[in-house]
Structure formats: C-alpha cells, structure tokens
Amino acid sequence: MKRDKLEQWILMEASGELSQRRRRKLDRALRGDVSLRAWREETLALLRGAHSGIDGPSANTIDAIRTFGAEHAFSGSGHALRSPFLNPAWLAAGVALLLLALGLLFFSRPSSIPQTVDTGAPTGDMSDVLAETTLDDDLDQLYALLTVEEDFTLVEEDATMDELAHELLALEEEQI
Amino acid sequence: MDQPELKWLDAYRKRGDPEALHALVEHSRRPLYAFIHRMVGNPQEADDIFQETWFRAIRSLDRFKGTKFMSWLFRIAHNLVIDRARKHAPEAELADPTGGEQDPFQTRVADPRPSPADQVHHGDLARRIAAAVDRLPPDQREIFLLRTEADMPFKEIAKMLNISINTALARMQYALRKLRVELQGEYDLSTGDVR
C-alpha cells in the first residue's frame, strides 16, 4: 500500500468518511509502521489545534442580517410568507378544477325545463289520461290538456281522435 | 446526519419566522465567519462578506433545493471571497509567473503574512498553527479551513469546490506537510509541548 494513500485514509478516518474495510487495512498498516503512526498522531494534533478562537461577526452585522431577513420575508419577494395557493402551479390547478366543475354542471343540466302554465286545465301526467280504458269518455280531458291557452290551441275544437293522438305524441316527444 | 438548520430553514421560508432565521444565522456564525476571516485576513472585510453571504442566501432561498444548507452557504462565501480577491489584486493576476498554469485563485487572495495581531500572540499552539495556515497557498488553505473550521467532510468540500475528492485530499496532504515543516522545531505536534 502506498504511503500517500494511507495518509489520505488517515485524513478520511479523522473526518469519519473511511469505510470499515479500509479502516481494517489502515489498522494493519499502522501496526507495522512506526513513522505512519507518528504521522497520524501529528496530523490529529494539528487538526485539533487548528480550530481558531475566532468567534463571529459584530453584533451590528448580525442585526443587519436579521433586519434584512425580516424585511425580505414580509415585503421583499414575499417568498417566505407566500401561501401555497398563490403558487402559480397551485393557482393554475385551482382554475382548471373550477372550469371542470362548471363544465360538468352545464352539461348535466336537463335539455329543457318543463314549464307549467296555469290554464285551468286538468293537471297530471298524460299517461294517466291515456291509461283510461274508454277513449270517448276522456276525449274532453285530452282536449283540455292540449288546449293550454286560448291563443295557444294545439288542436281545433272539433278534432278527431286521430288528430288528438297525433298532437299528443308530438307534445310528448317535445317534452322528452 | 441530523441537520437542525433544515427545520429552521423551513420555518423561515414558510412563515417568515424571525427566530428561525436567527437560529440559522447563529448556527453559521462562528464557522462561516472564521472561514471568511481566515481567507481574507481582515475582520472588517470578513464582516462585510459574512453579511453579503447572508443577504444573497436570503434573496436566493427559493433556489435552494438540496439538503446541505451549510455547504450552500459556504459556497456563496467562497464565491464572494474569490470576487473580492479579483477586485483587490488585479495586478497580482497579471504578475502570475506561471503564465496562468497555476490556479489563478492562488495569486489573488489576501496577504498571507501573519497580521500584527498574530505576531503579538505567540503563546499557544493554536495561534502558531493559525499563522502557519495563513501562509499556505489559498487553495490549500481553503481546504484546510473548510475541514477544520467548518468541520466539513472531504466529500462535501470536493462537491462544493467542484473538484474530485482525491484532489481535495491531496491539497490537504500538501497543506499538512507544509504546516509540519513550518512548525518543526517549535512544537512537538504529537504532545503540543514547546521544544
């Protein structure tokens, strides 16, 4: 093993970066080499003694950084206090969701809304009328349903049963 | 490795918590300042660079995505130290006798001679080592200080300086050999005793 490499391993050992496998090799080399052991001791002493007594910057410098940090957090780019919902990505996602919801609402709406007009005519489902067994008896009811207003008469007063039925089917189709 | 600075960083970024920022600054105060001070050799300039390092960090916090906040901070400081050297010693750059083959950073840093304050205090091993470290070439001094003052592992040092780990280790070896020669005859390094 080259001396250079072993010295580097001693440095890595001191910084806690030497693998177990290399540490075992280094231990073996140290056991058989007095000068390497001396180099290791001196190196560790140098590293321990190299820590300077320099404390830190002036209090004014620290205050200036704190002031700058506070100003920047509250009025600078504002990144420190930015709500996640003001993030452009979040904002875009929110708008997309809103549009999607509006779209769904629009397309799920019924195609026509039934309108009720007070005509004084009998109310109720037309199937009730059609279910009647005697057509002649209910001719008046059908007529009343189809003449919803004076000026909106679907059939003539003297319409035949066939004409009434035809108009009735057309009205039902419209409602569907 | 537990990194409390990430918790403080998160609190400052999300809520603008001033105490979290203070904790972060305090956490970096001694190692970062010592590194800058030992690189520029002037306490007033060290104060200015320390402050500017933090101003830049605060302005760029959005861009910090990693987990090594202290390394990121030291990298900003490293760049500012280089900028300062470029501004202060353009003539040294022109006078580079190697014609640019040598690391140009070596010719641009502060006067490596011990300051008057260093010369007054010769009473302990730390001061003698500090004076010897100040005389190291800047690229070796930087590695030595990042390792000893910032307690940064070689892997992180290499990444921060954009060099290989072998280069970082080799520079540290050269630094130690020079320090050993400088301190020879003054101290028994293994015991710290005066000879």
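Guide: B:Arg59 counts as partly exposed, at 42% relative accessibility (buried is under 20% relative accessible area, exposed over 50%, partly exposed in between; 1.4 Å probe, protein chains only). This is a predicted model: local features need pLDDT of at least 70, side-chain atom pairs 80 or more, while totals for chains, interfaces and linings use all residues. Residues count from 1 along each chain as written, chains are lettered from A and ligands numbered from 1 in written order, and side-chain values use heavy atoms, without hydrogens or water.

B:Arg59 meets B:Glu52 in a salt bridge, 3.3 Å from N to O (a side-chain nitrogen of Lys or Arg within 4 Å of a carboxyl oxygen of Asp or Glu). B:Glu52 is partly exposed, at 25%. Over all chains, the count is 22 salt bridges.

Another pair is B:Glu26 and B:Arg29, with the closest N and O atoms 3.2 Å apart. Both sit in helix 2 (residues 18-40) of chain B, 3 residues apart, so about one helical turn separates them (helices, H or I, of at least four residues, and strands, E, of at least two, are DSSP runs numbered from the N terminus). B:Arg29 is buried at 19%. B:Glu26 is partly exposed at 34%.

Now go across chains. B:Arg177 bridges to A:Asp4, with the closest N and O atoms 2.8 Å apart. The pair runs from helix 10 (residues 165-183) of chain B to helix 1 (residues 3-14) of chain A. B:Arg177 is partly exposed at 31%. A:Asp4 is partly exposed at 42%. The two also belong to a salt-bridge network with A:Arg3 and A:Glu7.
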